[in-house]
Amino acid sequence: MGKCLSFWGSPGHTLTFISECPVFFSEHPAYTPEECFQRISRRVRSTLRRRQIPMGTLECLEEELLAFFSVSPRSVYTALLDNSYERLLLHALCQYMDLASASSDYEGKRQMRVSNKHMAFFPPELLLSVYLGQMS
């Protein structure tokens with residue numbers, strides 16, 4: 001069995017290299033579908049529960065993020081999205097997947113930049129589209 005390698009980070013914080021640990025991310029409580037959903041802001045969670053979500057759009061955005069960060073976990077994903085609802089869905093996906101996202105103006109359009117907060121990318125065990133489908 002592997003062992004955890006821990007190093008001191010900022011005062012009071014320890015950095016642990018999970019790849020050497022016997023516990024996998026999918027088994028860690030912070031990566032259960034329920035915990036991933038709770039990372040989404042309350043306002044957005046409420047919107048996701050109430051509204052009829054365009055699942056095709058959500059699944060397409062999910063697939064793009066998964067494909068991108070599985071290959072390039074330290075790169076920055078950018079998207080030009082004019083539709084505010086699509087931006088909302090992308091922000092929700094980022095929160096669910098524990099990615100950082102920000103919107104800004106770029107040449108008269110809204111650009112979203114998404115980055116991974118971690119050294120590696122560990123997708124949730126259950127995709128948001130599947131989780132929402134199970135809730136309804």
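Author: Buried means under 20% relative accessible area, exposed over 50%, partly exposed in between (1.4 Å probe, protein chains only). The model is predicted: local features need pLDDT of at least 70, side-chain atom pairs count only at pLDDT 80 or more, and totals for chains, interfaces and linings use all residues. Residues are numbered from 1 along each chain as its sequence is written, and side-chain values use heavy atoms, without hydrogens or water.

Reader: Within what arc do the buried residues of α5 fall?

Author: Leu-128, Ser-129, Tyr-131 and Leu-132 are buried in α5 (helices are DSSP runs of H or I, at least four residues; strands are E, at least two; both numbered from the N terminus). Seen down the helix axis, they line one face, because their arc (directions from axis to C-beta atoms) is within 160°.

Reader: Which helices do the buried residues of α5 pack against?

Author: Contact means heavy atoms within 4.5 Å. By that test, the partners of these α5 residues are α1 (33-38), α2 (42-50), α3 and α4 (84-96).

Reader: Which residues of α5 does α3 meet?

Author: Met-55, Leu-58, Glu-59 and Glu-62 supply the α3 side. Their counterparts in α5 are Leu-128, Ser-129, Leu-132 and Gly-133.

Reader: Is Gln-111 buried or exposed?

Author: Gln-111 sits in strand β5 (residues 109-116). Among the residues it touches are Thr-78, Leu-80 and Tyr-106. Its relative accessibility is 13%, so Gln-111 counts as buried.

Note on methods
Lists of a residue's contacts leave out its neighbours within four places in sequence.
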